[in-house]
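Subject: A structure for you to look at

Hi there,

Here is the structure I promised to hand over. Have a look at it first, and then read my notes below.

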Amino acid sequence: MTSSTISATELTVWRGMLRAQAQISRRLQADLLAHHDLALGSYDVLMHLGEAPGGRLRMNDLADRVLLSRSGLTRLVDRLEREGLVVRQSCPSDARGLYAVLTSAGRARLAEAAPTYRQGVRDHMLSRLDEPDLRTFQLILDKLTAEQV
């Protein structure tokens, strides 16, 4: 088998991973929308800002963390800014750089939604895996995310 050939088993695993990720994301999205009128992508931005020192991240760093394109993040931050959850601030050391900064309203919305998010992660994923599964899954994820040399 050449390196570009994918076996039926490999293809099944690949498609299964994509299906699982999409299904879990849809369920988390439904939970957040139903209870907090907050999309999963918006929650993700608020969560990363909430974990950052001072509740702020450069837009480029935030885009990398939430796995969005720069333009996709710009549109999402525009929406969050209109809702009063995030503000943009200029970067003093780089006139072209911008920070996204969590507002007090954004911090409050994050605090309200976090239990729903955590419960959804538990219900839709973690509760289905036992301790050995979690250890194996972490090893697999580490292999998949390791830098290739």
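Let me start with a pair of charged residues: E81 forms a salt bridge with R88, and their closest N and O atoms are 2.6 Å apart. A salt bridge here is a side-chain nitrogen of Lys or Arg within 4 Å of a carboxyl oxygen of Asp or Glu. In general, side chains of opposite charge can pair when their charged atoms come close. E81 is partly exposed, at a relative accessible area of 30%; buried means under 20%, exposed over 50%, and partly exposed in between, with a 1.4 Å probe and protein chains only.

Before going further, a word on the source: this is a predicted model, where local features need pLDDT of at least 70 and side-chain atom pairs count only at pLDDT 80 or more, while totals for chains, interfaces and linings use all residues. Residues are numbered from 1 along each chain as its sequence is written, and side-chain values use heavy atoms, with hydrogens and water left out.

**More on the salt bridges**

R88 also meets the side chain of D78 in a salt bridge (2.7 Å, N to O). D78 sits in helix α4 (residues 70–82) and R88 in strand β2 (residues 86–91), so this pair ties together parts that are 10 residues apart in sequence. Helices (H or I, at least four residues) and strands (E, at least two) are DSSP runs, numbered from the N terminus. Together, D78, E81 and R88 are linked in a network of salt bridges. Both D78, at 28%, and R88, at 22%, are partly exposed.

Another salt bridge joins the side chains of E83 and R109 (3.6 Å, N to O). E83 lies in the loop between α4 and β2 and R109 in helix α5, so the pair ties together parts that are 26 residues apart in sequence.

**The overall layout**

The protein has 6 helices and 3 strands, and along the sequence they follow the pattern α-α-β-α-α-β-β-α-α. Its C-alpha trace spans about 55 × 40 × 25 Å along the principal axes. Of the 149 residues, 28% are buried.

**The largest pocket**

The largest pocket has a volume of about 1100 Å³. On a 1 Å grid over the protein atoms alone, a pocket is an open set of points where a 1.4 Å probe fits, with protein on both sides within 12 Å along at least five of seven lines; lining residues have an atom within 4 Å of a point. Of its 30 lining residues, A20, Q21, I24, M125 and F137 are the closest to the centre. Helix α1 gives the largest share of the lining, 13 residues. The lining divides into 18 nonpolar, 7 polar and 5 charged residues.

**A nonpolar patch**

W14, M17, L18, F137, I140, L141 and L144 make a nonpolar surface patch of about 640 Å². Such a patch joins nonpolar side chains (Val, Leu, Ile, Met, Phe, Trp, Tyr) within 5 Å, from residues with over 30% relative accessible area and no salt bridge. The elements giving two or more residues to the patch are α1 (8–36) and α6 (131–145), and α6 gives the most, with 4 residues. L18, found in α1, is partly exposed at 39% relative accessibility.

Enjoy exploring!

Best wishes

Notes:
Patches are made of residues with over 30% relative accessible area and no salt bridge: like charges are joined within 9 Å, nonpolar side chains (Val, Leu, Ile, Met, Phe, Trp, Tyr) within 5 Å. Accessible areas come from the Shrake-Rupley method with a 1.4 Å probe; for residues, only the protein chains shown count as cover. Grid points are joined across faces, edges and corners, and a volume is the space filled by probe spheres set on the points. Ala, Val, Leu, Ile, Met, Phe, Trp, Tyr, Cys and Pro count as nonpolar, Asp, Glu, Lys and Arg as charged, and the others, Gly among them, as polar.
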